[in-house]
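I opened this entry to log what I looked up, one item at a time. The notes follow the order of my checks.

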Amino acid sequence: MLTVGSLLRFGILQLPVQRICPAVFNRKSPLPGHTCSAPRSGGLSAVCYHMLPIRTLSDVLTRSGLRTPLNVWTLSGLRTPSGVRTLSGLRTLSGPWTSSGVRRLSGGGGDGAGEAGWYNNLSDSAPVHLCEHFLVSVQQVSGLPWWLSIVMSTLCVRTLITLPLAAYQMVIIAKVEVLQVEISELAKRLRYEVSVRALERGWTEKQSRFQFQKNLRRIVSQLYVRDNCHPFKASLLVWVQLPLWISLSLALRNLSLDQSALQSNLKAGGVLWFSDLTLPDSTWILPVCLGLTNLLVVEVFSLQRVNPSRVQRFVTNSIRAFSVLMVPIAASVPSSMALYWFSSSLVGFSHNLLLRSPAIHKILKLKTQRSEAPYRDLLTAFVSKYCK
């Protein structure tokens, strides 16, 4: 980056003693014996030179074979009228030019406007509109009230989309668990071979450890490819379920707005204590039921792990905290969204129990050892952990 300061240091540009001309700020004619010159490159303040001829920056750069910069370059070593030094060699951010020669930040709406912008763009995205069309179509075809239509739509989506993905996740995890025995045996043999090779070639302990980890990763990758069970495939459920959950939530939020054509139908589409689906649940019954259901799902998952690692404990505690945080959030959104969240959690919990069935394990041909009475074992573990 070429600045005036660097030209001065390398001797390309020789400036005499200079100061800011008062005529520039007072809009008066210069004093006798003074010459005011404003360089042609944009953004440079006019500088007063005392009767000494000098080439402008554009002339110096042109004669040196360099092109004049398009950006704004600040002067190095000059002082402003207030005595504060200016920054050297910095370009201003993109945006409209101000009267002082510095360009403003683009998107001058502030942080609030930026946040509202991305939220409005997300609410107006194609997946959200597709979910809106799906919800309206289910209600119009079935003729059910809106609260029951939301529950049925949630059941259909979770059963037809997320349940198969959850079953596929179980298959991948079961294959990975079966491979752990083989990986342990191969790791022992590999450690012995690396130790022998280290004695032959005089490797240090660090080099031996590097060779062991490198070859072990290669062997594990080959085993994953052989059995088609890369652990990343087990996360496919999250990558599908999370965007779907967000899209359906924003779709219900859009349908509950005042400018929505179906807003009047949602006002009268509730039941019991949440008769108006466009308003938050003032009784907090739906939010509390949502939080308890989410915590129950978390605890059922945690009971599956006998000796959880530190990372697993951290993830479990984070999900517990998020489940509690969802309670006040659900109390501040329309009841249609809270009803969808509660229905989704309840259906997910039932699917989790269904996938524990020995009959499902036989259908999926899982090779891992499973209990013949999973529900009794789950109840026993739950009682022993929380009811003692």
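**A glutamate and its surroundings**

I started with E132, which sits in helix α5 (residues 126-142). The model is predicted, and I kept that in mind throughout.

I asked which side chain of opposite charge is nearest to E132. The answer is R253, 7.6 Å away. A salt bridge needs a separation within 4 Å. E132 has none, yet this residue is buried.

Next I listed the contacts of E132, leaving out residues up to four places away in sequence. I found A251, N254 and L255.

**Helix α8**

I then turned to helix α8, residues 236-255. I checked its length: at 1.5 Å a residue, its 20 residues should span 28 Å. The end C-alpha atoms are 29 Å apart, so the span agrees.

I looked up burial along α8 as well. The buried residues include L237, S247, L248, A251, N254 and L255.

**A surface patch**

W118, Y119, L122, V238, L242 and I246 form a patch with about 540 Å² of accessible area together. Helices α4 (110-123) and α8 each give two or more residues to this patch.

**Whole protein**

I counted 14 helices and 3 strands. Of the 388 residues, 33% count as buried. The protein exposes about 24700 Å², and carbon and sulfur atoms supply 62% of that area.

Terms used
Residues are numbered from 1 along each chain as its sequence is written. This is a predicted model: local features need pLDDT of at least 70, side-chain atom pairs count only at pLDDT 80 or more; totals for chains, interfaces and linings use all residues. Side-chain values use heavy atoms; hydrogens and water are left out. Helices (H or I, at least four residues) and strands (E, at least two) are DSSP runs, numbered from the N terminus. Buried means under 20% relative accessible area, exposed over 50%, partly exposed in between (1.4 Å probe, protein chains only). Lys and Arg count as positive and Asp and Glu as negative; His and the chain ends are not counted. Contact means heavy atoms within 4.5 Å. The expected span of a helix is 1.5 Å times one less than its number of residues. Accessible areas come from the Shrake-Rupley method with a 1.4 Å probe; for residues, only the protein chains shown count as cover. Patches are made of residues with over 30% relative accessible area and no salt bridge: like charges are joined within 9 Å, nonpolar side chains (Val, Leu, Ile, Met, Phe, Trp, Tyr) within 5 Å.
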